[in-house]
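Here is a friendly walk through some annotated positions, one question at a time. Have a look at the model first.

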Amino acid sequence: MEQTVYLQLEDGTCLTGKHFGAPLKEDVIAEVVFTTAMTGYTETLTDPSYYGQMVVQTFPLIGNYGVNPKDFESKGIHMSAYITREWCPCPSNFRCQTDLDAFLKQQNVPGIYDLDTRYLTKLIRERGVMNGRLTSLRPDSAAVEDLKSWAITDAVAHVTCREPYQIPSPLPRHHVVLWDFGAKQNIIRKLHALNCDLTIVPASTTAARILSYSPDGIMLSNGPGNPKDNPAIISELSHLCKSGIPIFGICLGHQLLALANGADTEKLKYGHRGANQPVKDLLTGRDYITSQNHGYAVKNDSLPDNAILRFINLNDGTCEGVSYQDFPGFSVQFHPEACGGPHDSEFLFREFVALMERRA
Ligand SMILES: NC(=O)CC[C@H](N)C(=O)O
């Protein structure tokens, strides 16, 4: 019989469920966030932006097509724990290589299932994002105090690459330096498909070092944590904005680019995580359905004079993308690499390539 495990939240709520995945040797404390994506759980699990978080899938049945490493967004799982209503022990798909439980065990990540994920999601929506503790012993109410003071630290340093490396293109037309804050593989795949030679550099790389590669363009990746926790990167980035080299930022990359230009960011009540977030392109009036995973946003009213608010979220009006006037740069809060999720906004990679071609 499955072991009973508990999820204690910062507000004192305690939910009871069953254990799956890796053994719960010690309590796991992390920020509890929900995603509404109905598919793409392998991509979610392996997205480094979830470092320091435990993820609730609002869709109740997870794992029915199994797990295939070709879908990984990074080498493994970076989130602290996984929360589902039900997981599927007998996946059925021609691409399936392993099941969800075995994958979590192999990656040393514990999970909890058979709890009311709808109730949990409603709580987070009403009270805002909270820290939580996954534990095998019924927690006492005093333990809530540690949860309140817990925070994600050094997130980017945990998920960036250790050394620079290159991924050459068979038909190289542009050389892009990808600044890796916890980059998703699909950013690499999309740039590669557009004939970009890639040099991928760690988060600690200086602007001078990036310029020494003589890139045609600089790509700022997604990544975990509070964007303001990266003052050194923000300062280096402000130098790159003066280089005249095209810059494209995604998610954390977008937030860091905005901070480097003097804008401010704020924490959203419960973030946007899912594969059907609507955004409007204010330049063209077109709406797109996008994949998203973020807890912070650039404050619309903090944008400096050199920035134009280009995309907004149609649900809450928050900033989803910015174009810069005094250097060839733009950035989006959503995921145009769209993995998993709709491909509507893939054209933004071509806009980046067009900026590089214009400069060549
Ligand atoms: N996917 C991301 O890059 C997330 C950016 C940032 N960590 C946030 O939560 O807002």
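## Why these labels?

Q: Why is glycine 223 called buried?
A: Glycine 223 has 30 C-beta neighbours inside 10 Å, so it counts as buried. The label means 20 or more other C-beta atoms within 10 Å of a residue's own, while 12 or fewer means exposed and in between means partly exposed, with C-beta atoms placed from the backbone. Please keep in mind that this is a predicted model, where local features need pLDDT of at least 70, side-chain atom pairs count only at pLDDT 80 or more, and totals for chains, interfaces and linings use all residues. Residues are numbered from 1 along each chain as its sequence is written.

Q: What does glycine 223 touch, not counting residues up to four places away in sequence?
A: With those set aside, glycine 223 touches Pro48, Ser49, Val156, Val159, Phe181, Gly182 and Leu252. Contact here means that the two C-beta atoms, placed from the backbone, lie within 7 Å.

Q: Which residues does UniProt place in the feature "binding site"?
A: The unreviewed UniProt entry puts it at Ser49, Gly223, Gly225, Leu252, Gln255, Asn293, Gly295 and Tyr296. They are spread over 248 residues of sequence, but they cluster in space, with a largest C-alpha distance of 13.2 Å. UniProt positions follow the numbering used here, feature names are shortened, and annotations may be inferred rather than shown by experiment.

Q: Why does glycine 295 count as buried?
A: Glycine 295 has 20 C-beta neighbours inside 10 Å, and therefore counts as buried. Glycine 295 belongs to strand E16 (residues 287-298); strands (E, at least two residues) and helices (H or I, at least four) are DSSP runs, numbered from the N terminus.

Q: What makes the "active site" residues gather at one spot?
A: The annotation, again from an unreviewed UniProt entry, covers Cys251, His335 and Glu337. They span 87 residues in sequence, yet no two of their C-alpha atoms are more than 11.0 Å apart, so they gather at one spot.

Q: Is cysteine 251 buried or exposed, and why?
A: Cysteine 251 has 30 C-beta neighbours inside 10 Å, so it counts as buried. Its place is the loop between strand E14 (247-250) and helix H9 (252-260).

Q: Why is histidine 335 called buried?
A: Histidine 335 has 27 C-beta neighbours inside 10 Å and therefore counts as buried. Histidine 335 sits in the loop between strand E19 (329-332) and helix H10 (347-359), and its contacts include Cys251 and Asn293.
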